[in-house]
Amino acid sequence: MRSVVIVPLVLLVACGEEATPVDPPRARPPVTEVMVPDLPVDHPSMGDLSILSRGPRRLSVDQLERSIEQIGNLGPGTVKIPENLALTLGRPDYVKVTEESLSPSPLFMKFMMDLGGIICGQLRDAEPLRAVDQRVFLRYTSKEENLANLLVRFTGIDGEAAAPYVARLSRVYEAGVTGGGTELAGYEAACIALFTSPEFLLY
Amino acid sequence: MMSSNRRRFLSAAALSAGSLFLGNVFPRRALAQAQKRRFLFAYFDGGWDQLLGLDPRDPATTTAAANQIDLGWDQLPGVYQARGLQRAGNHTFGPAFSPDMLAHAADFSVIHGIGMDTASHEVGRRYFITGRFPRGLQAVGSSTPAEIAAQLGDLSPIPHVSAGVESFADGVPNFATALTVNSIADLLVALTPFTEIDPGVVRAVQLYQDETPGCVSRKLDRDGLASTLLANQQRARSYLEQQLGEIFNLQRTDAEMNGLRALYNIGGGDTALPNSPEVMAFVAAQALKKEVSQCVSVRVTDGLDTHSNWADDQAPRQERGWRALASLVSDLKATPEPNGGGQSMFDNTTIMVFSEFGRTPLFNNLRGRDHFLGNSCLVAGPGLKRGLTVGKSADIGQMPLTMELATGRGVGQPSAEEISSGRVVNVSPKHVIATLLRANGLDPSYLRSDPIGALLA
């Protein structure tokens, strides 16, 4: 499967600077603010109306590709899931199937685990060679900040809501460091865990 | 008419009341019997030409001018011209029906005159897969194998495998949702651990996956999607833990796999492609034989949508599907039933062979055939009579005739009483599926349709 996912991290690494031991900038990637339109005067509260918006959905293949680019600080259009794999993940072929299947099926989840392994493994390998502001795993000095950064990149969860997730990811990180033998293995484990989480795959 | 309907209603009500008392005994026994059975749904993708397969006409008595049915067999490659109309017991088949499948014909029954009410691929396919007419293009309800798996229970490692066929799950337990794969390559990925992740990292990830979902996940679970995702994550892991991949590993060189490659003719040309008819039939057979799955859907051929190039493409592609199916049936017949009793696995397997619709009996201006409302299908299995042909398509124009469900007789001009009583109906996929469910003691009530009584043993 590794051969079928095109993520040009090698190119990216080649363009990156050598790691510098300076404390990197603290700015997090901005989270888009959700704009809520003003209601007309005397309009009942939306909460009282029991009107539900459409339910959550799974990421489409295109959304997945673009998300991986954002998470990994990769250039736009650089992640391309090959067509046969994309069809398996639900993309329509417009010959027999004309609508995208967005079911989080067992096969989809297995592919996500494998894909997470590939992407996060490549990010792990590239990390020491990337410029500090391009890093995904080791951008900050503390583990908690790095995990919070990873969480926000994958899910947009920030602030108070992030605390329980960071605690959870810390446990994964520790287990990853123990199991994989390196600090980066801990971040790799946290990365894969987020890759296969509902918080990332559903919206 | 009213008194008849009232009689039917009261009769049904009486049966329902009776079932309150029998409900604790009969269904449980029937279910226990069904739980030992297997279900195979074989799909011919693209819309098959019934004249070349299940619903042919005699060239000696059929002309385009008189019957509005143009066989066109003189345009086919020589082998099919030589084969012509083929007979096996009570059945007649067209020249694309393969000789090896002909040898199994006596074990099957044919249903003619099925009305599809659509000429759309998606709609016809989803109608036959679910037994319920789609809303627009959207499937309604679950795939029949998912419904069956839900009724049978979580009895096998992967209760429902769908190889190259769409599957739908609506309101069924998670275990009944299909493992849907487009090829054997997909299946092997699903069943084989990805070795490039450090096992220590995998264990750490699983630690996260085993924890209680976070609050955002719970918010995303408004329609149950997050729960489904997490349940499927666990199922994907369980597939790996059961180490089922070797069952489907065509690269094995032991005697069993060599024999299977020979049986399914996997090797030369495009037969070894990961989604070839031969490989897909092999996948279906292995899933059933090795008790990986009780309900399997499989696409046994494709490329049948021959609006043009009919003469060169339709018969060979259809025949290839029949050949693949014949190999599968031979394989099941050669495999003893693990539950004993001297039966083969075939004896305990319900099979439905279908396509989304037929093709027009007259040619278009490209000498191809377009989509047609009429259809046929092939069924076999425990609880079903063998060697029967029920239903009929018209001698002129081949449109489906209505059918008397109790006898299977095609009725050209039913009386108002026959229609209102429900004895004579326009047969559709839901009747076929209700028949399969009833034959196995399963509940077809969700289809709101009577079974074809003539087929029930």
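Reader: How many residue pairs are in polar contact across the interface of chain A and chain B?
Author: In this predicted model, the rule finds 16 residue pairs in polar contact across the interface of chain A and chain B, with both residues at pLDDT 80 or more.

Reader: And which helices of chain A supply at least two residues each to the side that touches chain B?
Author: Those are helix 4 (83-88), helix 5 (106-126), helix 7 (162-180), helix 8 (183-195) and helix 9 (198-201) of chain A. By class, the residues on that side of chain A divide into 26 nonpolar, eleven polar and twelve charged.

Reader: What about salt bridges, how many cross the interface of chain A and chain B?
Author: The rule finds three salt bridges there. One salt bridge is formed by Glu211(B) with Arg168(A), where the closest N and O atoms are 3.5 Å apart.

Reader: Switching to area, how much do chain A and chain B bury between them?
Author: About 4,100 Å² is buried between chain A and chain B, and 64% of it lies on carbon and sulfur atoms. Of the area that chain A buries against chain B, 17% is supplied by Lys96(A), Pro106(A) and Arg168(A), which is more than any other three residues supply.

Reader: How do helix 5 of chain A and helix 11 of chain B cross?
Author: Their axes come within 8 Å and cross at roughly 75°, and helix 5 of chain A and helix 11 of chain B are therefore roughly perpendicular to each other.

Reader: Which residues make that contact?
Author: Helix 5 of chain A contributes Pro106(A), Met109(A) and Lys110(A), while the residues from helix 11 of chain B include Leu229(B), Arg235(B) and Tyr239(B). By class, this contact has six nonpolar, two polar and two charged residues.

How values were computed. Residues are numbered from 1 along each chain as its sequence is written. Chains are lettered from A and ligands numbered from 1 in the order in which they are written. This is a predicted model: local features need pLDDT of at least 70, side-chain atom pairs count only at pLDDT 80 or more; totals for chains, interfaces and linings use all residues. Side-chain values use heavy atoms; hydrogens and water are left out. Buried area is the accessible area (1.4 Å probe) that two parts lose on being put together, summed over both. A salt bridge is a side-chain nitrogen of Lys or Arg within 4 Å of a carboxyl oxygen of Asp or Glu. A polar contact is a pair of N or O atoms within 3.5 Å; within protein, one must be able to donate a hydrogen and the other to accept it, and residues adjacent in sequence count only if both atoms are side-chain atoms. Helices (H or I, at least four residues) and strands (E, at least two) are DSSP runs, numbered from the N terminus. Ala, Val, Leu, Ile, Met, Phe, Trp, Tyr, Cys and Pro count as nonpolar, Asp, Glu, Lys and Arg as charged, and the others, Gly among them, as polar. Axes are lines fitted to C-alpha atoms, for helices over the stretch in contact, and angles run from 0 to 180 degrees between N-to-C directions. Angles under 35 degrees count as roughly parallel, over 145 as roughly antiparallel, 65 to 115 as roughly perpendicular and the rest as oblique. Contact means heavy atoms within 4.5 Å.
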